[in-house]
Amino acid sequence: MKEDTIAAVSTAWGESGIAIIRLSGPDSSALADNLFKSRSTLAASPPRYMRYGHILDQTGEFIDEVLAVRFEGPHSYTGEDMAEIHCHGGTMAARKTLERLLELGARLAEPGEFTRRAFLNGRIDLAQAESVLGIIRARSDKALSSAARSLRGELSTSVRTLRDRLLALSAILEASFDFPEEDVPLPQLAEITPDLARLQSEAEGLFRRCRDGQILREGIRVAIVGCPNVGKSSLLNALLQESRAIVTAIPGTTRDIIEAVLTHRGVPIRLADTAGIRTPADLIEEAGIAQTLTAVKQSDIKLWVLDGSRPFGDEDRLVEEQLKGERFLVLVNKTDLPQALDLDRFRDHHPGIRCLPVSAKTGKGIEELKEEIVLSVSSGGIMEEACNATARQVEELRTASALLAEALQARSLDLAANCLRDSRLALERFLGISADTDLLDLIFSQFCLGK
């Protein structure tokens, strides 16, 4: 742990009611007292006691009227001695206060360094640290609630309990292998199978909850695709209940990708209205179609929009070709008109693919479509038990669950023990027990300054 004292503005830059300058490290109060003037020094004040005073520059000139407070480690955000100066919002007062602290010997904090110190000091584990970013970036009530549960340690407790049970079972197997002279009885595969099955089921459950939490955190990326004039832009407007995209009868109106976000059941749905897929008429349309194909690859699910009032055509086949191997729903639009589309074709060519009748004009099927989007990528749609999680955390849980499933299929105790060990290591990486410096650098670089 570094012994230096760091400082940063923890609130967003710009005009606001209050700006907060935060310090953490052994000299936090002493540095603050060099420019904070009050009836009593901050260092002599009780911890968590807000004091009124003024900030003065090196010449004694008045900068701002402020409140200041100090915290004693380990009862602080970082687990170290800390101080905060609450000045008026805006650029100049906060900037001059921070500059003066840096002149006096504080170091400008790196992105996420306050939270990183909290982790390194053992106040929170890595999963809790990452949930801080989840709270900051929450875009819905459910996402915020999920992140708050993770910050309180709900997810960490579940993962740590599973890890401890894995460790206990691994210890029995390893003792049998490493100390045969002690006559430690070697269990049979059949004896540990029920334990393995329970552990794998719990790991799979945690994985699903965290995958749902990742959806709450980042949203579902949805690409609206189809050939020109099938009603993609009208569908976007119907989903948003506003005129977000220009709608005309001229094919190829949409050239750039139009993006918008709506929330359904607390889940952000990130919509991308794309250019119609066909043989391009000019370079601009060609560039738009290239963007469409990129959006298709990057999205979690595709909404393939078809015009139900006309037969399946050559341009529809071009779209179908681009969707090979992709996850998509078929939307039969314009159901308010006489229908000419042969739906039996889709049942033959795409068994199991949902075909939803909708009308962007009348709103028919729009609410059902929102529900289907959420259900298609989540474990249940409502996500009441979702745990806020990052892609890294989801992948570690996926790995742990897959290794336990492999252990269940193992034909020898050696192989089962190896799978158990590797599964436990995945859970330890999740919690930060075995996190290396590169991983910590990657995680905390995503935080803003002052957090």
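Analyst: Arg48 counts as exposed, because its relative accessibility is 55% and the cut-off for exposed is over 50%. The model is a predicted one. Arg48 sits in the loop that runs between β3 (36–37) and β4 (51–56). Its backbone has a positive phi of about 65°, although Arg48 is not a glycine.

Another residue with a backbone of this kind is Asn229. Asn229 is not a glycine, yet its phi is positive, at about 70°. The loop that holds Asn229 lies between β8 (220–225) and α8 (232–240). With a relative accessibility of 29%, Asn229 counts as partly exposed, because that class covers values between 20% and 50%.

Pro74 is placed in the loop between β5 (62–71) and β6 (82–88). The peptide bond that leads from Gly73 to Pro74 is cis, and its omega is near 5°.

Helix α15 covers residues 437–444, and helix α3 covers residues 113–120. These two helices pack at an angle of about 140°, and their axes are 10 Å apart. The angle makes α3 oblique to α15, because only angles over 145 degrees count as roughly antiparallel. The crossing of α3 past α15 is right-handed. On the α3 side, the residues in contact are Thr115, Arg116, Phe119 and Leu120, and they meet Thr437, Leu440, Asp441 and Phe444 of α15. Sorted by class, the residues of this contact between α3 and α15 are 4 nonpolar, 2 polar and 2 charged.

Helix α4 (residues 126–137) also packs with α15: the two axes come within 11 Å and cross at roughly 20°. That angle makes α4 roughly parallel to α15, because angles under 35 degrees are counted in that class. The crossing of α4 and α15 is left-handed. From α4, the contact takes in Leu126, Ala129 and Glu130, while α15 brings Leu439, Leu440, Ile443 and Phe444. The classes in the contact of α4 with α15 are 6 nonpolar residues, 1 charged residue and no polar residues.

Terms used: Residues are numbered from 1 along each chain as its sequence is written. This is a predicted model: local features need pLDDT of at least 70, side-chain atom pairs count only at pLDDT 80 or more; totals for chains, interfaces and linings use all residues. Side-chain values use heavy atoms; hydrogens and water are left out. Axes are lines fitted to C-alpha atoms, for helices over the stretch in contact, and angles run from 0 to 180 degrees between N-to-C directions. Helices (H or I, at least four residues) and strands (E, at least two) are DSSP runs, numbered from the N terminus. Angles under 35 degrees count as roughly parallel, over 145 as roughly antiparallel, 65 to 115 as roughly perpendicular and the rest as oblique. A crossing is left-handed if the near helix is turned anticlockwise from the far one by less than a right angle, and right-handed if clockwise. Contact means heavy atoms within 4.5 Å. Ala, Val, Leu, Ile, Met, Phe, Trp, Tyr, Cys and Pro count as nonpolar, Asp, Glu, Lys and Arg as charged, and the others, Gly among them, as polar. Buried means under 20% relative accessible area, exposed over 50%, partly exposed in between (1.4 Å probe, protein chains only).
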